[in-house]
Amino acid sequence: MESLPMSFKSALHSWMSFRRGWLLAAVLGISLLSGCASVTPLAYRGQTPTFDLKQYFNGRLTAVGIVFDRSGKMTRRFHVTIDASWKGDVGTLDEHFIYNDGAKQERIWTIRELPEKDGEKRYIGTAGDVIGEAIGRAAGNALNWHYTLALPVDGTVYNVQFDDWMYLMDDHVLLNHSVITKFGFKVGSVFLSFNKP
């Protein structure tokens, strides 16, 4: 190493520092991602009241919600009315949104209850603007959905991922927090409070 020209040594030292930096960033990134991914509904299996999706989402419900951008600034507010019904293990949730800017939106979910597995209730959901299937898992008072949504923003449609958590507070109130990501980066979040009469 001592016989190498100073400029080469300097370049090599910079490259090694760069490489160590990327390695450290990769290790930290993997640690953070695995830390985020470690929470499952089973962490809430002892929490009550127990969330039964078929029981709660049955009949007419209402909700209010707030949409936040990635910095945490509120960008939209909305009210939603949901008419939900079940035939056996297949449910339909007809959602009607009205936003504070006057915009309206409808989403119709079809949800299928699957057999329990490893102590978790399991569900699959589909909707017109959901890419593929939404995967739901529940235990205790919590339900977690993962899905990709085709989200229109200013005339362009973006496919974004939702990590959607629902927590049953009592027979009437269900709180819902969703983190929205694109390419693994948080781009926004949504908070809803459902009310069942």
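Glu113 stands opposite Tyr123 in strand S5.

The model is predicted, so local features need pLDDT of at least 70 and side-chain atom pairs count only at pLDDT 80 or more, while totals for chains, interfaces and linings use all residues. Residues are numbered from 1 along each chain as its sequence is written, and side-chain values use heavy atoms, with hydrogens and water left out.

**The barrel**

A closed barrel of 10 strands runs S1-S2-S3-S4-S5-S6-S7-S8-S9-S10, and its pairing is antiparallel. From one strand to the next the twist averages 25°. Such angles run from 0 to 180 degrees between N-to-C directions, with axes fitted as lines to C-alpha atoms. Strands here are DSSP runs of E with at least two residues, numbered from the N terminus. Two of them pair if DSSP finds at least two bridges between them. Strands of a sheet pair through backbone hydrogen bonds, either parallel or antiparallel.

| Strand pair | Bridges | Residues standing opposite |
|---|---|---|
| S1 (residues 59-69) and S2 (residues 74-87) | 10 bridges | Gly65 and Phe78 |
| S3 and S4 | 9 bridges | Gly91 and Ile111 |
| S4 and S5 (residues 120-126) | 6 bridges | Arg112 and Ile124 |
| S5 and S6 (residues 130-139) | 5 bridges | Lys121 and Ala138 |

Three hairpins follow one another in this part of the chain. S3 and S4 form a hairpin with 4 residues between them, and Gly102 in the turn has a positive phi of about 95°. In the hairpin of S4 and S5, 2 residues lie between the strands, and the turn residue Asp118 has a positive phi of about 55°. S5 and S6 form a hairpin with 3 residues between them.

**Two buried residues**

Glu120 lies in strand S5. Its relative accessibility is 6%, so Glu120 counts as buried; buried means under 20% relative accessible area, exposed over 50% and partly exposed in between, with a 1.4 Å probe and protein chains only. Leaving aside residues up to four places away in sequence, Glu120 touches Thr40, Pro41, Leu42, Arg137 and Ala138. Contact means heavy atoms within 4.5 Å. Glu120 and Ala138 are 18 residues apart along the chain, and their C-alpha atoms are separated by 5.4 Å.

Asn141 is found in the loop between S6 and S7. Asn141 counts as buried because its relative accessibility is 9%. With residues up to four places away in sequence not counted, the contacts of Asn141 include Tyr44, Pro49, Phe51 and Met166.

**The largest pocket**

The largest pocket has a volume of about 1100 Å³. A pocket is an open set of points on a 1 Å grid over the protein atoms alone, with protein on both sides within 12 Å along at least five of seven lines, and lining residues have an atom within 4 Å of a point. The volume is the space filled by probe spheres set on the points, which are joined across faces, edges and corners.

The lining has 42 residues, of which Leu149, Leu151, Phe162, Ile180 and Val190 lie nearest the centre of the pocket. Strands that each supply at least two lining residues include S7 (142-153), S8 (156-168), S9 (173-182) and S10 (185-195). S7 gives the largest share, 6 residues. By class, the lining has 28 nonpolar, 5 polar and 9 charged residues. Ala, Val, Leu, Ile, Met, Phe, Trp, Tyr, Cys and Pro count as nonpolar, Asp, Glu, Lys and Arg as charged, and the others, Gly among them, as polar.

Key. 1 Å grid on protein atoms, 1.4 Å probe; cavity = no way out; pocket = protein on both sides within 12 Å on 5 of 7 lines; lining within 4 Å.
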